[in-house]
Amino acid sequence: MIKTVVLVLLLTLNFSLGLDLDRGKLSDQPEWVQSTVADINKQLDRYAAPGGIVGISIKDIQSEASFSMNGNRSFNPASVIKIPVMIEAYNQIEKGHLSLDTELTLEQHHKLPGSGSIQFLHNKSPFTVSRLIELMITDSDNTATAMLIE
């Protein structure tokens with residue numbers, strides 16, 4: 001329920017106010033907006049790991065309205081990015097730029113900590129696109145994700 005309320009508030013702020021907190025516009029907003037954003041921050045902080053930082057950016061493609069908190073910071077995308085990566089892999093396959101049998105080679109710069117076992121394998125290990133997609137989705141393998149993104 002709280003997640004839904006936070007999302008609704010973010011979308012409301014996004015579309016009606018076009019806030020971009022990374023550009024310092026919050027101080028120019030009415031008190032009730034500042035208070036609402038402070039409440040959103042409190043809710044978002046509840047979901048962050050102790051000492052963690054929460055970031056969120058939403059942009060309406062049609063109106064260009066945006067809402068951002070720590071939107072200029074770099075974050076490890078964790079598993080949030082894996083579904084769009086899979087979708088894009090299948091788009092590339094559909095366009096003929098890639099096939100499920102295409103082999104990609106593991107390199108040191110692909111290796112990411114966290115979920116998955118590929119990070120522990122030797123450099124130059126070959127993987128098919130099909131196997132990387134499977135490992136990325138079923139094992140949440142971060143290194144498989146990095147290989148597919150590249």
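Which residues of α4 are buried? The buried residues of this helix are Val129, Leu132, Ile133, Leu135 and Met136, where buried means under 20% relative accessible area, exposed means over 50% and partly exposed lies in between (1.4 Å probe, protein chains only). They cover an arc of only 165° around the axis, so they sit on the same side of α4; the arc is that of the directions from the helix axis to the C-beta atoms. The cover over these residues includes α3, β3, β4 and α5. Helices (H or I, at least four residues) and strands (E, at least two) are DSSP runs, numbered from the N terminus.

The model is a predicted one, in which local features need pLDDT of at least 70 and side-chain atom pairs count only at pLDDT 80 or more, while totals for chains, interfaces and linings use all residues. Residues are numbered from 1 along each chain as its sequence is written, and side-chain values use heavy atoms, with hydrogens and water left out.

Glu134 and Arg131 are three residues apart in α4, about one turn of the helix. An α-helix has 3.6 residues a turn, so residues three or four places apart point the same way. Glu134 counts as partly exposed because its relative accessibility is 40%, and Arg131 does so at 37%. After α4 comes Ser140, with a positive phi near 55°.

The other salt bridge joins Lys124 to Glu107, whose closest N and O atoms are 3.2 Å apart. This pair links distant parts of the chain, 17 residues apart, with both Lys124 and Glu107 in the loop between β3 and β4. Lys124 is exposed, because its relative accessibility is 57%, whereas Glu107 is partly exposed, with a relative accessible area of 23%.

Helix α5 (residues 142–149) is mostly covered, with seven of its eight residues buried. These are Asn142, Thr143, Ala144, Thr145, Ala146, Met147 and Leu148, and their cover includes α3, β3, β4 (126–128) and α4 (129–138). Leaving aside neighbours within four places in sequence, Thr143 is in contact (heavy atoms within 4.5 Å) with Leu106, His110, Lys111, Leu112, Ile118 and Gln119. At the start of α5, a side-chain oxygen of Asp141 reaches to within 2.9 Å of the backbone nitrogen of Thr143.

Turning to the loop between α3 (82–94) and β3 (103–105), Ser99 is found there. Ser99 counts as partly exposed because its relative accessibility is 30%. Not counting residues up to four places away in sequence, Ser99 touches Ile93 and Val129. The C-alpha atoms of Ser99 and Val129 are separated by 7.1 Å, although these residues are 30 apart along the chain. A polar atom of the Ser99 side chain also lies 3.1 Å from the backbone nitrogen of Asp101.

Helix α3 is also the place of Ile87, which counts as partly exposed because its relative accessibility is 46%.

How values were computed: A polar contact is a pair of N or O atoms within 3.5 Å; within protein, one must be able to donate a hydrogen and the other to accept it, and residues adjacent in sequence count only if both atoms are side-chain atoms. A salt bridge is a side-chain nitrogen of Lys or Arg within 4 Å of a carboxyl oxygen of Asp or Glu.
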